[in-house]
Amino acid sequence: MGAKSRSKGCWAWLLVLVVLALVVTAIVVAIVKKKSNSSDDDDGPVPGPPGAITQKYSDALKLAVQFFDIQKSGKLVDNKISWRGDSGLKDGSDEKLDLSKGMYDAGDHMKFGFPMAFTATVLSWSILEYGDQMDAVNQLQTAQGSLKWITDFLVNAHPKDNVLYIQVGDPKKDHDCWNRPEDMTGKRPLTQINSSSPGTEVAAETAAAMASASLVFKKSDATYSATLLKHAKQLFTFADKNRGSYSQSIPEVQEFYNSTGYGDELLWAAAWLYHATGDQSYLDYVTGDNGEEFAQFGKPTWFSWDNKLAGTQVLLSRLSFFGGKDTSGNSGLQKYRKTAEAVMCGLLPNSPTATNSRTESNFFFFIVILLGLSCISFPCWFLE
């Protein structure tokens, strides 16, 4: 989909997501290793639900999850970060909205809706896949709290069916001013997309965030889950019926989180909505003409805040393994699965088509586990 733009803060978000994926996967790997290689070594991990846990990975996960607490805007509740305080309390007030929550992009005070929503989607996916491991090391509740801190912001940022506030703050002025968010005094302008100024990729990504989060909270808070799902459906309809890139509607965003296309977000959102609702229309959406137009079958890509195709392919591949009668023979899903397999082959170290873009510790290997090897070995949460 072309070269990826970079903002001052995008790598910070990418870093925390990768670290989170790494440490959670390491816990899973440690569990599998323990089961397959029983040892009487006194230095081994201490058994505990859902399996053996290595303390250093538990500590690493705690630090990774703590990053979200550090980035929070708004009136902090049960604040455990001594050097953070309330900030951004008047965000959204110009439009009589409460946009005080959400998370700052990086070391700045900007709230960029596009990468923030992507963060919520991936965090939801991590919780859905590895929630039992997170719970075993007392990090599940913290991760869920951070997710809700973002989705509360996203709900308030969507006051009407066809209106979504996608940015809080002036990025140029903000990036010229280095101070604590608690000390902000400048104006906090708002940026929105709507029917006349569309932003399909942002609306669709926010729909994906809402839909995936609705699954996270489905059992613990059914009312909130239903609210998230309602917003997800509305935002997807808005995104699909008012197609247009926010990078063209609002050219200023190109300097920060420029989008290289919105087709991947439409498929990503529809895939999550199918998992959240079981509504056949969303499955038809991704396997029909829209899939042919946007999925780039047979052309494996990478997974990022700007390109969700690899994630979509893996997410839909789950249906090949766990789906019911309506998915077992779906030729469209098989195309997603084959492309997902090509993504995996590009990342697994010993594959004939393995990429050389990896660290000495085979960093991409851990990312591929996050993306989907779990779709073979983990339970079918979307049918529960």
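Phenylalanine 236 touches Ala207, Leu266, Ala269, Ala270, Leu273, Tyr282 and Tyr285, leaving aside residues up to four places away in sequence; a contact here means heavy atoms within 4.5 Å. The model is a predicted one, in which local features need pLDDT of at least 70 and side-chain atom pairs count only at pLDDT 80 or more, while totals for chains, interfaces and linings use all residues. Residues are numbered from 1 along each chain as its sequence is written, and side-chain values use heavy atoms, with hydrogens and water left out.

The largest nonpolar core has 92 residues, and Ile193, Phe236 and Trp272 touch the most other members. Such a core is a set of buried Ala, Val, Leu, Ile, Met, Phe, Trp, Tyr and Cys residues joined through side-chain atoms within 4.5 Å. Buried means under 20% relative accessible area, exposed over 50%, and partly exposed in between, with a 1.4 Å probe and protein chains only. In soluble globular proteins, nonpolar side chains tend to be buried together.

The chain as a whole contains 16 helices and three strands. These are DSSP runs numbered from the N terminus, helices being H or I with at least four residues and strands E with at least two. Of the 384 residues, 55% count as buried. Among contacts with a separation of 6 or more, 74% are between residues 24 or more positions apart. The accessible surface comes to about 17,100 Å², and carbon and sulfur atoms account for 52% of that area; such areas come from the Shrake-Rupley method with a 1.4 Å probe, and for residues only the protein chains shown count as cover.

Helix 7 spans residues 222-241, and its 20 residues reach 29 Å from first C-alpha to last, close to the 28 Å expected at 1.5 Å a residue. The expected span is 1.5 Å times one less than the number of residues. The buried residues of helix 7 are Tyr224, Ser225, Leu228, Leu229, His231, Ala232, Leu235, Phe236, Phe238 and Ala239. Their cover includes helix 4 (140-156), strand 2 (164-168), strand 3 (190-193), helix 6 (200-216), helix 10 (263-277) and helix 11 (280-287).

Alanine 207 shows one of these neighbouring elements in detail. Alanine 207 is located in helix 6 and is buried, with a relative accessible area of 0%. Residues up to four places away in sequence aside, alanine 207 touches Ala232, Leu235, Phe236 and Ala269. Alanine 207 and alanine 117 are 90 residues apart in sequence, yet their C-alpha atoms are 8.5 Å apart in space.

Three strands form an open sheet in the order 1-2-3, with antiparallel pairing. Strand 1 and strand 3 are the edge strands, each pairing on one side only. Two strands pair if DSSP finds at least two bridges between them. Strands of a sheet pair through backbone hydrogen bonds, either parallel or antiparallel. Strand 2 and strand 3 pair over four bridges, and the partner of tyrosine 165 in strand 3 is glutamine 192. Strand 1 and strand 2 pair over two bridges, and lysine 111 has valine 168 as its bridge partner in strand 2. Five of the five residues of strand 2 are buried, so strand 2 is largely enclosed by the rest of the structure.

The whole structure holds 15 salt bridges, each a side-chain nitrogen of Lys or Arg within 4 Å of a carboxyl oxygen of Asp or Glu. One of them joins glutamate 129 and arginine 318, at 2.4 Å from N to O. Glutamate 129 lies in helix 3 (residues 113-136) and arginine 318 in helix 13 (residues 309-322), so the pair ties together parts that are 189 residues apart in sequence. Glutamate 129 is buried at 4% relative accessible area, and arginine 318 is buried at 0%. Another salt bridge joins arginine 243 to aspartate 240, with the closest N and O atoms 2.7 Å apart. Arginine 243 is partly exposed at 33% relative accessibility, as is aspartate 240 at 21%. Finally, Asp91, Lys111 and Arg188 are linked in a network of salt bridges.
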